Amino acid sequence: QVRLVESGGGLVQAGGSLRLSCAASGSIFSIAAMGWYRQAPGKQRELVALITSGGTTNYADSVKGRFTITRDNAKNTVYLQMNSLKPEDTAVYYCNTRARVSLTQRYYDYWGQGTQVTVSS
């Protein structure tokens, strides 16, 4: 099984910064990608940023130029540096990893428990 542990959420004023971290552990054979999603009240969960094992990144248009996703492959850890935060960034942020536990198994998506990010105006 794969376990994700997130940290770094909290309350910040508009214009401020936060850094989220997510460490994957367990019987991991390989990870294809790690990323962050968010869900605001009354809205669907949406992709924020994604990074593949090769370092390719993908960002939601709403966070481009403000958020940066990085990854430490040796530690199976992904980070999300969030700058110039806006009230509309307020949401529960979920870590996601696409991983497999053996060479013969397909990749599955695993999710963290979520961490609250609140940006006050």
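Reader: Where is the place of N76?

Author: N76 is in the loop between β7 (67-72) and β8 (77-82). Before we go on, this is a predicted model, in which local features need pLDDT of at least 70, side-chain atom pairs count only at pLDDT 80 or more, and totals for chains, interfaces and linings use all residues. Residues are numbered from 1 along each chain as its sequence is written, and side-chain values use heavy atoms, with hydrogens and water left out.

Reader: What makes a run of residues a strand here, and how many are there?

Author: Strands are DSSP runs of E with at least two residues, helices are runs of H or I with at least four, and both are numbered from the N terminus. By that rule the chain has eleven strands and zero helices. Read from the N terminus, the elements run β-β-β-β-β-β-β-β-β-β-β.

Reader: Back to N76, then. Why is N76 called partly exposed?

Author: The relative accessible area of N76 is 22%. Buried means under 20%, exposed means over 50%, and partly exposed is what lies in between, with a 1.4 Å probe and protein chains only. With 22%, N76 therefore counts as partly exposed.

Reader: What is the phi of N76?

Author: Phi of N76 is near 50°, a positive value in a residue other than glycine. Most residues other than glycine have a negative phi. S84 also has a phi near 50°, again positive and again not in a glycine. S84 sits in the loop between β8 and β9, and its relative accessible area of 41% makes S84 partly exposed.

Reader: What makes C22 and C95 a disulfide?

Author: The criterion is a pair of cysteine sulfur atoms within 2.5 Å. The S to S distance of C22 and C95 is 2.1 Å, so this pair qualifies. The structure holds one disulfide.

Reader: Which parts does the pair C22 and C95 tie together?

Author: C22 belongs to strand β3 (residues 18-26) and C95 to strand β9 (residues 91-100), so the bond links parts that are 73 residues apart in sequence.

Reader: Why is the disulfide of C22 and C95 given a handedness, and which one?

Author: The torsion about its S-S bond is about -85°, so the disulfide is left-handed.

Reader: Are its two cysteines buried or exposed, and what makes them so?

Author: C22 has 0% relative accessibility and therefore counts as buried. C95 is buried too, with a relative accessible area of 0%.

Reader: Which residues is V92 in contact with?

Author: V92, in strand β9, is in contact with Y37, R38, Q39, G114, T115 and Q116, leaving aside neighbours within four places in sequence. V92 and T115 are 23 residues apart along the chain, with 5.4 Å between their C-alpha atoms.

Reader: What does the radius of gyration of the chain agree with?

Author: The radius is taken over C-alpha atoms, and the globule rule is 2.2 Å times the number of residues to the power 0.38. For 121 residues, a compact globule would come out near 14 Å; the chain has 14 Å, so the two agree. Along its principal axes the C-alpha trace spans about 50 × 25 × 20 Å.

Reader: What percentage of the chain do buried residues make up?

Author: Buried residues make up 40% of the 121 residues. Among contacts with a separation of 6 or more, 56% come from residues 24 or more positions apart.

Conventions:
Contact means heavy atoms within 4.5 Å.
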